[in-house]
Amino acid sequence: MGKIIFLDVDGTLVDYENHLPESAVLAVRKARENGHRVYICTGRSKAEVYENIWEIGLDGMIGGNGSYVEDHGYVVMHQMITPEQCRHIVDWLKERGLEFYLESNAGLFASAGFEEAGEPVIQEYSRRKGKEGADKIKVRDAFPEMIFDGELYRDDVNKVSFILNQYQDYKDAVVEFPDLQAGTWGGAGEIALFGDLGVKNITKGNAIAHLLEYLHADVADTIAFGDAKVDIPMLEYCGYGVAMGSGGDEIKAMADYVTGDVDQNGLYDAFEKLGLL
């Protein structure tokens, strides 16, 4: 067996406008031709992994920041929020007037006001990533298959993301949901744009451990690529860690190597440097 490669998606495999560089596609295909395995390891749930990503050719995926593990269509592990926890989250967010969406392998299910409230937040997120035309991005551009009229009391939810009206919303979520893992994304600390709630003690690193056990593979043969704080456990766990040039300072500081930006052939260049091609 060759190397086992784990790729974050947003900011690593695709840019923040969901553009997939041809060089990244070529890198993955060449690496697999050379006997290496390639998995995406993402915060996205399976419903957000669109056909253009699967068409690259992948061995499987880790989704929901580690709550779901799949190898060649076989579900190795899947940990979900309970129906009772989901109901509690939905009711609490509605009471606070916070718009949100539920992340399930069956789809993304948005609250009634998410499309309107989410537009300026998604635009700010894109601005912070330095993307041109950020002020024109709509929620449906960022989430092309989001469902806006679906059932919100569900039994198939991996995690929930919600818009932070203020940082205190995240702090209060930590207190309200001690049985869940609370986090933020879209910025560090007080400038975070979203909060999220998921299964406790779930990380990308933990999910990789489950997959390696299933594959009877050695962690020394793993390489991880990421750009954000949530990717740090993955880079720490794997044998070698690569941070993208557009990544945050924290992940760059702990990575074994820093490559270029996703839209500047960063993935291909790193694959080449590491002898995967």
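A salt bridge here is a side-chain nitrogen of Lys or Arg within 4 Å of a carboxyl oxygen of Asp or Glu. With that in mind, select Asp 8, Lys 204 and Asp 231: salt bridges link these residues in a network. Across the whole structure, a search turns up 15 salt bridges.

Before going on, know that you are looking at a predicted model, where local features need pLDDT of at least 70, side-chain atom pairs count only at pLDDT 80 or more, and totals for chains, interfaces and linings use all residues. Residues are numbered from 1 along each chain as its sequence is written, and side-chain values use heavy atoms, with hydrogens and water left out.

**Stop one: strand β4**

Select Asp 71 and Arg 37, whose side chains meet in a salt bridge at 3.9 Å, N to O. This pair links distant parts of the chain: Asp 71 belongs to strand β4 (residues 68–71) and Arg 37 to strand β2 (residues 37–41), 34 residues apart. Helices (H or I, at least four residues) and strands (E, at least two) are DSSP runs, numbered from the N terminus.

Is Asp 71 buried or exposed? It counts as buried, because its relative accessibility is 7%. Buried means under 20% relative accessible area, exposed means over 50%, and partly exposed is in between (1.4 Å probe, protein chains only). Arg 37, at 22%, counts as partly exposed.

Now pick Glu 70 and Lys 46, which form a salt bridge at 2.8 Å, N to O. Here too the pair links distant parts of the chain, with Glu 70 in strand β4 and Lys 46 in the loop between β2 and α2 (51–54), 24 residues apart. Glu 70 is buried at 5% relative accessibility, while Lys 46 is partly exposed at 30%.

**Stop two: helix α4**

Jump to helix α4 (residues 114–128) and select Arg 127 and Glu 124, which sit 3 residues apart, about one turn of the helix. Their side chains meet in a salt bridge at 3.2 Å, N to O. Arg 127 is partly exposed at 43% relative accessible area, and Glu 124 is partly exposed at 26%.

**Stop three: helix α3**

Finish at Ile 89, in helix α3 (residues 83–96). With a relative accessible area of 0%, Ile 89 is buried.

Which residues does Ile 89 touch, not counting those up to four places away in sequence? Show Ile 81, Val 160, Phe 177, Leu 180 and Leu 197 to see them; contact means heavy atoms within 4.5 Å.
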